[in-house]
Amino acid sequence: MADGVETLVIPRRLALLGFVVAPCLTLPSCHPTPRSKAVAGAPAKSSFHDWRIDGAQAPSWSVEDLTLFLNGSIGTEALPERVLQAFQATYPDLFPGEDWSAFGLITDTPTGLPVGVSVREVPHLGGLLSWGMNCAACHVGEVSLGKGDPPVRVLGMTGHLDIEAFFGSVAVAMLRTREAAHLHDFLRNYLLAGGTTENERTASGRGVANVASSPAEGAALRLFDEQWKRQEEPVSAALLADARTDSGDATTGFHELTPADLALDSKGLEGGVDFVRKARAMLRLFHNMRVALHLPEVLPESLPPRSGPGRNDPWGLLSLGFFNLPLRYAPMKFGPIWDADRRPWVHVDGNTSSPVHRNLAAALVLGAPLQGHRGHLDYTLLVRQTEIAEHIRPPRYPWPVDSAAAQRGRAHYVRHCAQCHDVSDAGDSRLHDPQEIATDPTRSEVFDAKQAELFNAFFDRLEIPGYRPPGFPTIRSTGKYVAADLSGAWARSPYLHNGSVRSLGDLLKSPASRPRSFHRGSKVFDPVAVGYVDEGPYVLDTTAAGNSNGGHDYGTGLTAGEKRELIEHLKSLY
């Protein structure tokens with residue numbers, strides 16, 4: 001995608017985060033939320049208006065393109081929907097709220113699926129309908145002025161997803177469910193999530209945790225409890241004996257699972273359920289999920305820092321997952337992806353010339369199976385998703401702009417901003433040394449020539465049907481940062497490459513005067529300072545390693561009135 005597209009994730013490290021995520025999410029307890037049957041297959045087609053998105057951002061897109069970008073598959077489906085719904089009902093401390101918005105996902109959609117989520121039946125997950133994530137999960141945002149103001153959705157902006165919290169919660173839920181008491185509660189909710197009759201099974205899960213909402217569910221739960229009580233001791237013994245599942249198939253790493261292995265409904269309960277076999281099947285399902293997501297069987301003792309909503313440490317996580325080579329923590333915000341087709345090199349340091357390679361890496365670590373050098377995904381779909389994303393254009397400011405102030409602000413822009421941000425994209429004229437601009441240097445330092453060499457070798461060896469290695473390097477180390485085009489500047493909050501400055505107003509303060517910390521997680525926009533309001537469950541500490549908000553002191557000497565004029569001008573750019 002475009003400058004700072006930093007969504008490549010290795011959840012192996014994310015698994016550590018579940019223990020520190022839950023206390024920060026303090027929303028009401030939850031229950032599974034139903035969605036339309038239409039999304040059980042291909043997502044339903046909906047217009048830009050239905051999605052509350054300005055079609056001017058994607059003038060070349062068809063409705064099919066819009067649907068593919070927002071809910072289309074790139075092969076990452078690794079989270080069975082029924083399992084997620086059962087986790088949601090069983091562990092409200094890990095999965096708070098009545099939907100998935102506590103993790104920053106946009107859930108109020110025409111299809112019933114969150115933005116950036118796809119669904120597909122997955123063979124190595126026993127044929128269960130499963131969730132995956134695509135580019136839109138991290139690169140579609142939602143803003144409003146609060147107090148009943150309708151939200152505006154923006155393609156390509158830094159999204160609100162706390163991807164580490166989400167996958168960390170999934171990892172911890174799988175580990176908890178190895179214990180008999182938790183498995184009992186999980187399977188009860190798994191029963192409800194699947195529907196207790198054949199007719200119900202086509203709909204998504206519903207119902208409050210462990211509570212029947214119909215006579216049929218009540219009867220099924222009574223049968224469940226009677227049979228579980230008789231088998232509780234052998235189930236506990238089996239879980240202890242099978243605490244560590246074996247490595248699965250020597251070639252794929254997956255256990256073989258069938259729909260019958262994972263079936264649990266009232267008809268099966270009437271005939272009697274072998275809960276020892278069911279427990280073992282669930283452990284093998286969790287193993288297959290972990291293999292696809294690069295999650296460990298056991299959580300390491302040391303915990304990495306939390307990155308919070310709209311950020312992660314992409315290349316560090318990739319290096320750890322692909323090469324077993326840990327790097328110094330270097331958090332990045334999910335960078336805006338506008339006008340990617342007009343740039344020869346993308347990302348915040350201009351390190352990548354092939355958006356397809358970036359998206360391949362993302363897919364392979366977010367759930368598309370990778371065995372050795374062989375990946376398993378629909379390469380044609382991934383290429384199409386990449387091509388669509390490259391034609392997203394910057395967003396217009398959705399609220400009134402003081403045009404007179406904006407006109408006066410142009411002179412300040414030319415004097416303080418244009419020299420770096422308005423230069424040609426050709427060559428490397430936008431690259432600047434961190435020593436020159438004095439922003440946090442960590443990312444520029446850790447992605448060195450050795451990293452570039454490792455990634456180029458990885459893409460040269462990669463085998464996927466339809467994929468051809470490039471035959472030349474597409475990854476490089478620059479040791480510098482890109483001065484991005486400022487079209488859509490209003491929608492780039494939080495600012496700087498690591499998201500360490502909340503608003504344009506704060507960015508125009510001297511570095512020493514900028515807030516040392518602020519909250520992240522709110523979608524409410526501050527039209528005066530231009531950025532999200534200082535609210536939310538996550539506190540970004542700018543004194544922590546990799547989080548420095550220093551440097552970039554351009555325009556900080558302007559008067560208060562001149563700063564306001566400059567901000568109005570920046571609002572007008574698209």
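Which residues does Q231 touch, not counting residues up to four places away in sequence? Q231 touches V273, D274, F275 and V276, where contact means heavy atoms within 4.5 Å.

## Basis of the model

This is a predicted model, in which local features need pLDDT of at least 70 and side-chain atom pairs count only at pLDDT 80 or more, while totals for chains, interfaces and linings use all residues. Residues are numbered from 1 along each chain as its sequence is written, and side-chain values use heavy atoms, with hydrogens and water left out.

## The chain as a whole

The protein chain has 22 helices and 15 strands, taken as DSSP runs numbered from the N terminus (helices are H or I of at least four residues, strands are E of at least two). Of its 574 residues, 60% count as buried, a term that means under 20% relative accessible area, with exposed meaning over 50% and partly exposed lying in between (1.4 Å probe, protein chains only).

The accessible surface comes to about 21700 Å², and 54% of this belongs to carbon and sulfur atoms; such areas come from the Shrake-Rupley method with a 1.4 Å probe, and for residues only the protein chains shown count as cover. Among contacts between residues at least 6 apart in sequence, 76% join residues at least 24 apart.

## Helices and their surroundings

Q231 has its place in helix α9 (residues 215-241) and is buried, with a relative accessible area of 16%. One of the residues that Q231 touches is V276, which is 45 residues away in sequence and 7.6 Å away in space, C-alpha to C-alpha.

Helix α4 (residues 63-71) is mostly covered, since 7 of its 9 residues are buried, namely D65, L66, T67, L68, F69, L70 and N71. The cover over these buried residues includes α3 (48-51), β2, α6 (136-139), β4 (140-143), β5 (152-155) and α15 (379-389). In helix α19 (residues 442-446), T442 counts as buried at 7% relative accessibility, and, leaving aside neighbours within four places in sequence, T442 is in contact with R328, Y329, A330, Y481 and G546.

## Strand pairing

An open sheet of 3 strands runs in the order β1-β3-β2 with antiparallel pairing, where two strands pair if DSSP finds at least two bridges between them. Because β1 (79-80) and β2 (117-121) each have a single partner strand, they stand at the edges, and one side of each is left without a neighbour in the sheet. The antiparallel pairing of β2 with β3 (residues 129-133) extends over 5 bridges, and E121 stands opposite L129 in β3.

Strand β12 (residues 517-520) pairs with β15 (residues 538-541) in the antiparallel sense over 4 bridges, with F518 opposite L540 in β15.

## Pocket and cavity

The largest pocket holds about 690 Å³ of space, and among its 33 lining residues the closest to its centre are H421, A484, L486, L496 and H552. Pockets and cavities are found on a 1 Å grid over the protein atoms alone: a cavity is a set of points where a 1.4 Å probe fits but cannot get out, a pocket is an open set with protein on both sides within 12 Å along at least five of seven lines, and lining residues have an atom within 4 Å of a point. Grid points are joined across faces, edges and corners, and a volume is the space filled by probe spheres set on the points. The elements that each supply at least two residues of the pocket lining are α16 (403-416), α17 (418-421), β11 (481-482), α21 (504-507) and α22 (560-571), and α17 gives the most, with 3 residues.

The structure also holds 6 cavities of 30 Å³ or more. The largest cavity has a volume of about 140 Å³, and of the 14 residues that line it, W345, D425, G427, R430 and V482 are the closest to its centre.

## Backbone in the loops

The peptide bond from S493 to P494 is cis, with omega near -5 degrees, and P494 is found in the loop between β11 and α21. V530, in the loop between β13 (525-526) and β14 (531-532), has a phi near 65 degrees, a positive value in a residue other than glycine, and counts as buried at 0% relative accessibility.
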